Amino acid sequence: MEAAATQARRFEGPTHGPLWEMVSAASSCLTCNTCSSRCAVAGVHGFDPRKVVRLANLGREQEIIDSQWIWNCTVCGRCEVACPLGVDINKLVRSARGLRPRDKVPGVLHKGVAMCLERGNNLGIPKDEFIWLMGDLSEEMRNEGFGGFEVPIDKTGARLLLTVNSKEPSAEPDDMKFWWKIFHAAGESWTIPSENWEGVNWGLFTGDDEAMHTVVGRLVENYKKLEAKTLVLPE
Ligand code: SF4
Ligand code: SF4
């Protein structure tokens with residue numbers, strides 16, 4: 001009897017959890033290593049996309065969720081484009097990130113998501129400060145020889161609706177001017193919304209679907225309200 005029970009245990013398959021439910025295509029993996037050979041960060045902190053797929057197949061989901069590796073992945077998609085069986089490695093990595101408790105999301109990422117939901121951008125820059133900065137930079141542009149330049153804020157009917165990476169107004173404002181100079185020289189019709197202008201969606205990076213949808217929804221709202229033709233995400 002005991003031998004039979006041991007035998008049964010030996011052939012028992014792995015127990016899969018919620019990650020497996022989301023990315024069942026992992027079961028077709030051949031362990032061919034093509035994904036890892038295409039991955040620019042394979043080897044960093046022991047990360048290897050094939051290993052992540054393998055762990056998923058073995059039912060060792062918690063190890064994936066708790067690992068540092070999944071945060072090394074840039075979600076560039078090179079691995080899954082190369083995979084002969086179309087295993088959705090991006091989805092696997094992103095779903096694993098989403099299953100990590102939010103207070104265990106590394107670095108400032110989750111704080112940025114929470115700030116964006118509360119104040120409309122990842123760094124919580126208030127609307128009046130943002131508008132003041134746009135005016136100040138406009139003046140700099142005019143002093144640099146771009147006569148009559150003014151950042152068009154909340155302009156209805158512009159062709160381009162430009163989003164902003166909050167790190168630019170907070171730390172690298174001159175970076176925005178490169179875009180503006182091109183627009184000015186091209187006579188482009190563009191605008192920046194005064195609120196909810198954040199172009200970096202950390203809900204996307206952290207696997208937080210609800211936050212991601214909210215942030216995208218706000219951009220779409222601005223797009224419709226200002227009757228723009230094209231949404232520009234420089235990030
Ligand atoms: S390329 Fe696809 S099949 Fe090959 S090891 Fe990676 S996930 Fe598995
Ligand atoms: S998506 Fe992630 S695992 Fe795949 S190649 Fe890019 S960095 Fe590597």
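**Domains and ligand shells**

1. The centres of domain 1 and domain 2, taken over C-alpha atoms, are separated by 38 Å. Domain 1 covers residues 2-100 and domain 2 covers residues 120-232, the bounds coming from an automatic or database domain assignment.

2. This is a predicted model, in which local features need pLDDT of at least 70, side-chain atom pairs count only at pLDDT 80 or more, and totals for chains, interfaces and linings use all residues. Residues are numbered from 1 along each chain as its sequence is written, while chains are lettered from A and ligands numbered from 1 in the order in which they are written.

3. Four residues of domain 1 contact four residues of domain 2 (C-beta atoms, placed from the backbone, within 7 Å). On the domain 1 side, two of these residues are polar and two are charged, with no nonpolar residue. Here Asp, Glu, Lys and Arg count as charged; Ala, Val, Leu, Ile, Met, Phe, Trp, Tyr, Cys and Pro as nonpolar; and the others, Gly among them, as polar.

4. Ligand 1 has 13 residues around it, of which Cys 29, Cys 32, Thr 34, Cys 35 and Cys 83 come nearest (C-beta atom, placed from the backbone, within 6 Å of the ligand). The shell comprises nine nonpolar, three polar and one charged residues. At least two residues each are supplied by α3 (34-38) and α4 (49-57); helices are DSSP runs of H or I, at least four residues, numbered from the N terminus.

5. Ligand 2 is surrounded by 15 residues, the closest being Cys 39, Pro 49, Cys 73, Cys 76 and Cys 79. Its shell has 10 nonpolar, three polar and two charged residues. Both α7 (78-82) and α8 (89-98) supply at least two residues, and α8 gives the largest share, three residues.

Technical notes:
Contact = placed C-beta atoms within 7 Å.
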